[in-house]
Amino acid sequence: MPPAPRVHETDGAATHVYGDPEVVAHHIEQVILETRKRDLLEGVEQNRERLRGQPFVRGPHWDLVWQQIINAVTGRPCQPITVIVAPRSCGSTTFALRLLAEHTADETTVVQLDADWDTPRQGRLPLERAHAYQLDLKHPENDQVSADFLNALSKHASHLRDCRSYLALTVAQDLWKDHRLSDRDGIRVVHLHEAPDAQSMVEAHLTAHGYDQLVTSLRSFSKTTTPLRGLTAVAAVRAAHTVVMAWEEHSRTSSQQSFAQSEGEGETRSTLEDRIVAALTDWRGELDSRFGELNSLHAHDNPSLTVDDRCLLMALAVQQSAPMPIVARSAAALLAAIGDAPGAADTAPGLSPPRSALAGRGMRRRIQDVGGRVDLQDTVVFDRPAYGRAVLEYVWDNYDVMRKPLLTWLVATAQSADPEDHAVAALAELTVRHGTVGYLAELGELVSSSRPEVLGAVLDKAVRNEHVGRMAWAALYGWAEQRSYAPAVIALCQRILEDSSAATSLTKRAMVRLRRVAHKNADVAVQVLATYDDLVQHPTVAERLVAEVQGWQKGKVSARGGAMAFLALMTARRDGTPWLVCAPPPDIDVQRALNNLLSSSDTAAQVISRLTDWIRSCASDPSAYTQLRNQLLPALRGHNMFEAGMKLMNELRGISTVEGVSVADDFYNHLVDSRLHTVFPLEESLP
């Protein structure tokens with residue numbers, strides 16, 4: 001390899017350039033690429049083998065599009081940039097990632113980017129050697145593709161080609177509106193019109209998760225073919241989970257002994273096929289009759305339910321099997337949420353609310369009329385989760401005016417932020433199914449201020465979903481700027497970081513949003529610090545905080561976020577000793593960080609209290625104390641350190657070494673010239 005060229009030498013006003021001009025120009029271009037990295041889209045590196053091992057079905061149409069992208073001779077994409085236009089929920093993201101995993105060199109790093117921009121801009125796209133980038137453009141407002149953007153991408157394609165890198169853009173079909181959008185030099189545009197066969201996708205996902213026997217059973221059930229026909233890729237994946245849920249429900253009920261039932265309440269045991277068919281059925285026919293014409297009184301020959309019975313059915317859909325008082329109170333709360341509580345408009349003329357309620361059907365009779373049972377212990381049995389989900393989806397789809405009251409009621413019904421809570425689970429299901437920008441905005445407005453922990457639990461499931469995860473993360477990125485949403489963002493990110501099994505991509509995104517909360521909201525930064533303090537004892541989180549500090553000191557991340565990370569690391573201990581004292585991680589300049597934090601009025605008090613804890617923990621060990629003191633003195637002698645140093649020494653009062661020497665006096669004698677002792681006595685605390 002030839003030696004690196006001497007780009008320039010400066011002698012006074014004259015600048016001399018040496019070497020081959022093209023080589024010099026290329027070197028300058030590389031310098032420019034390095035300096036523009038700070039404002040680029042962030043991404044998460046994907047494991048190539050994991051991508052190849054995921055369930056994947058192509059089908060004839062996908063095979064044809066695949067061939068349009070790949071060069072048959074080289075086995076690589078024909079162009080550096082591939083644009084895949086497809087309807088939403090078609091599976092285009094899976095298509096793009098799998099294509100990059102299979103048809104780029106093994107040494108090429110596959111990265112999935114986050115489009116955290118207001119409008120697509122070529123200047124925000126990263127460019128590194130031997131990288132394959134995938135980016136979804138599906139946000140209805142921020143990802144509108146224009147001809148100007150494609151023209152800029154065409155120029156970007158030449159740089160990708162030089163770096164042996166690729167970019168695969170997946171664009172929602174409704175965002176591909178401009179008639180000028182087509183192939184450009186270096187860009188191949190293809191269209192996916194339909195998803196693969198849903199039955200094949202369901203079987204592939206079941207097999208990948210170890211349910212081979214269930215696949216065999218599913219193929220033998222002739223009635224399951226119809227509900228699966230024509231499903232989108234997202235719906236097919238959801239159907240696979242539904243089949244597993246129905247199988248687990250069947251296994252559980254089959255292994256349990258039949259509990260005692262009241263006379264006349266016997267039931268025939270459902271077969272596995274019946275349960276799977278029922279779970280995959282959308283129930284629209286039956287629900288059309290249940291939610292038919294308006295009835296003020298129940299009639300046995302009319303399946304249409306009264307308003308209060310419809311609320312009862314929805315309460316059962318959420319609660320499933322539960323004590324009858326809980327179900328009754330939940331139904332009454334929903335009536336109240338829609339402004340139709342008993343004792344108000346429905347009270348019979350001349351009757352008090354209790355007498356009016358007594359004049360109607362009893363709760364037990366009403367529960368039976370909507371499809372539930374009541375055992376001898378007054379526990380409602382409604383073991384029909386798939387049907388309950390269908391009820392909620394039916395109401396959501398058919399009654400637009402009910403959406404806000406429904407969300408409000410579910411939030412109020414949640415007993416905790418546990419994902420197993422029935423109301424939280426129902427909210428999560430709706431969020432995964434309707435995770436649009438509008439839905440997330442409405443959910444955030446309703447929940448962020450009143451129940452931030454519930455919103456965090458709901459979005460915990462959404463961000464882990466491969467289909468709505470990016471939309472949820474994008475919403476969280478925007479919410480991180482707003483003080484009212486910050487507690488919910490912090491709650492979610494803490495849940496992700498506490499989960500030791502969470503994927504690296506999730507924990508990285510969580511750290512990005514916590515950093516953004518701290519950067520955009522100075523008054524909320526203390527909450528971020530409290531979260532970091534709680535998490536720093538987890539080794540994996542501690543490593544991420546180390547990376548935050550390294551990024552801060554290299555000027556790549558915000559100062560406030562890096563400062564919060566360093567303050568949290570100050571509390572981390574290894575074998576009972578402060579980690580940053582005994583064995584600081586490489587590439588972290590502890591003295592420089594302390595100097596920066598002590599010189600800022602925003603962080604001085606916090607770092608002083610933590611330094612005091614450091615010194616107190618080392619005071620009993622002479623060698624450790626001397627080492628720590630010698631490490632701290634240079635930082636305390638820095639520019640603008642006098643006030644912070646005096647405050648620290650006043651905080652050190654009462655701490656003594658094993659020799660009985662006052663730590664405050666020791667630091668004072670080392671930091672303050674003896675000639676100035678009378679001018680700046682230690683006994684006088686600074687205000």
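The legends below describe close-up views of a predicted model.

Residues are numbered from 1 along each chain as its sequence is written. Because the model is predicted, local features need pLDDT of at least 70 and side-chain atom pairs count only at pLDDT 80 or more, while totals for chains, interfaces and linings use all residues; side-chain values use heavy atoms, with hydrogens and water left out.

**View 1**
Strand S4 covers residues 81-86. Helices (H or I, at least four residues) and strands (E, at least two) are DSSP runs, numbered from the N terminus. Six of the six residues of S4 are buried, so the strand is largely enclosed by the rest of the structure. Buried means under 20% relative accessible area, exposed means over 50%, and partly exposed lies in between (1.4 Å probe, protein chains only). In a regular strand the side chains alternate between the two faces of the sheet. Ile-81, Val-83 and Val-85 point one way from S4, and Thr-82, Ile-84 and Ala-86 point the other way. S4 pairs with S7 in the parallel sense over six bridges, where two strands pair if DSSP finds at least two bridges between them. Ala-86 has Ala-172 as its bridge partner in S7. S4 also runs parallel to strand S8 (residues 187-191), to which five bridges join it. In S8, Arg-188 stands opposite Thr-82.

Ser-165 lies in the loop between helix H5 (147-162) and strand S7 (166-172). Ser-165 counts as buried because its relative accessibility is 1%. Contact means heavy atoms within 4.5 Å. Leaving aside neighbours within four places in sequence, Ser-165 is in contact with Pro-80, Glu-128, Arg-129, Ala-130, His-131 and Leu-160. Leu-127 is 38 residues away from Ser-165 in sequence, and their C-alpha atoms are 7.9 Å apart in space.

**View 1. Leu-113 in strand S5.**
Leu-113 belongs to strand S5 (residues 109-113). With 5% relative accessibility, Leu-113 counts as buried. Not counting residues up to four places away in sequence, Leu-113 touches Leu-41, Glu-42, Gly-43, Pro-126, Tyr-133, Gln-134 and Leu-135. One of these, Gln-134, is 21 residues from Leu-113 along the chain, and the two C-alpha atoms are separated by 6.0 Å.

**View 2. Trp-614 and the nonpolar cores.**
A nonpolar core is a set of buried Ala, Val, Leu, Ile, Met, Phe, Trp, Tyr and Cys residues joined through side-chain atoms within 4.5 Å. The largest one has 135 residues, and those with the most contacts inside it are Phe-566, Leu-594, Trp-614 and Phe-667. Leaving aside neighbours within four places in sequence, Trp-614 is in contact with Met-570, Pro-578, Leu-580, Val-581, Val-590, Leu-594, Leu-628 and Leu-632. A second, separate core of 29 residues includes Val-111, Ala-115, Cys-163 and Trp-176.

**View 3. Thr-612 in helix H29.**
Thr-612 is found in helix H29, which spans residues 604-618. Thr-612 has a relative accessible area of 4% and is therefore buried. Its side chain reaches the backbone oxygen of Ile-608 at 2.8 Å. Beyond neighbours within four places in sequence, Thr-612 is in contact with Leu-648, Glu-651, Leu-652 and Ile-655.

A salt bridge is a side-chain nitrogen of Lys or Arg within 4 Å of a carboxyl oxygen of Asp or Glu. The side chains of Lys-461 and Glu-429 meet in a salt bridge at 3.1 Å, N to O. This pair links distant parts of the chain, with Lys-461 in helix H20 (residues 452-463) and Glu-429 in helix H18 (residues 422-433), 32 residues apart. Lys-461 is partly exposed at 39% relative accessibility, and Glu-429 is partly exposed at 28%. The side chains of Asp-460 and Arg-495 also meet in a salt bridge, at 3.5 Å, N to O. Here Asp-460 lies in H20 and Arg-495 in helix H22 (residues 486-498), 35 residues apart. Asp-460 is buried at 10% relative accessibility, whereas Arg-495 is partly exposed at 23%. Salt bridges that share partners join Asp-460, Arg-464, Arg-495 and Asp-499 into one network.

**View 4. The salt bridge between Asp-63 and Arg-58.**
The whole structure holds 25 salt bridges. In one of them, the closest N and O atoms of Asp-63 and Arg-58 are 2.6 Å apart. Asp-63 is partly exposed, with a relative accessible area of 27%. Arg-58 counts as partly exposed at 26% relative accessibility.

Notes:
A polar contact is a pair of N or O atoms within 3.5 Å; within protein, one must be able to donate a hydrogen and the other to accept it, and residues adjacent in sequence count only if both atoms are side-chain atoms.
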